[in-house]
Amino acid sequence: MAFLGCSHLTSIVCHNPIPPSCGSDIFNNIGKNCVLQVPASAVDTYKQTSPWNKIPSIEAILTRVTIADGEMESFEKNSDEQVDLLTY
């Protein structure tokens with residue numbers, strides 16, 4: 001019952017590509033705007049697995065990198081993408 005009744009919960013991040021086993025009522029009464037972020041390859045699996053599919057929105061984890069004084073201004077990727085960064 002870790003999240004039971006957490007009506008102000010807005011975000012959960014789970015890096016596990018396999019939905020962890022948990023009680024069926026763990027997400028009862030969570031926030032209506034709560035977003036679950038999971039690896040991109042696992043989004044459909046979480047959407048089909050109870051009780052994870054009780055979370056209103058399930059999307060891929062997004063990684064953002066911004067370097068203020070370097071050459072890279074902004075960068076975004078989904079968690080499953082392979083990216084090589086070069087340093088000059």
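Trainee: Which residues does Tyr 46 touch, leaving out those up to four places away in sequence?

Mentor: Quite a list. This is a predicted model, and in it Tyr 46 touches Cys 14, Asn 16, Pro 17, Ile 18, Pro 19, Pro 20, Leu 36, Val 38, Trp 52, Asn 53 and Ile 58.

Trainee: What is the largest nonpolar core, and which residues have the most contacts inside it?

Mentor: General idea to start with: in soluble globular proteins, nonpolar side chains tend to be buried together. Here the largest nonpolar core has 15 residues. Tyr 46 is among those with the most contacts inside that core, along with Ile 12, Phe 27, Leu 36, Val 38 and Ile 55. Strand E2 (35-38) and helix H1 (43-48) are the elements that give two or more residues to the core.

Trainee: How many helices and strands does the chain have, and what pattern do they follow?

Mentor: You'll find one helix and five strands. Going along the sequence, they follow β-β-α-β-β-β.

Trainee: In which sense do E2 and strand E3 pair, parallel or antiparallel?

Mentor: Parallel, over four bridges, with E3 covering residues 57-60. If you want a spot to look at, Val 35 stands opposite Ser 57 in E3. To get from E2 to E3 the chain passes through H1, and that β-α-β crossover is right-handed.

Trainee: Now the cysteines. How many disulfides does the structure hold?

Mentor: A disulfide is a covalent bond between the sulfur atoms of two cysteines. This structure holds zero. Take Cys 14: the nearest cysteine sulfur belongs to Cys 22 and is 9.1 Å away, while the cut-off for calling a disulfide is 2.5 Å. Cys 34 is in no disulfide either; its nearest cysteine sulfur, that of Cys 6, lies 9.2 Å away.

Trainee: Zooming out, what share of the residues is buried, and what does the surface come to?

Mentor: Of the chain's 88 residues, 26% count as buried. The accessible surface is about 6,200 Å², and carbon and sulfur atoms own 49% of that.

Trainee: Last one: what share of the contacts with a separation of 6 or more joins residues 24 or more positions apart?

Mentor: That share is 45% in this chain.

How values were computed: Residues numbered from 1 in each chain as written. Predicted model: local features only at pLDDT ≥ 70, side-chain atom pairs only at ≥ 80, totals over all residues. Heavy atoms only, no water. Buried < 20%, exposed > 50% of the residue type's maximum accessible area, 1.4 Å probe, protein only. Contact = heavy atoms within 4.5 Å. Areas by Shrake-Rupley, 256 points an atom, 1.4 Å probe, with all protein chains shown as cover. Core = buried A, V, L, I, M, F, W, Y, C linked by side-chain atoms within 4.5 Å. Pairing = 2+ DSSP bridges. Right-handed = clockwise from strand over helix to strand, strands pointing away.
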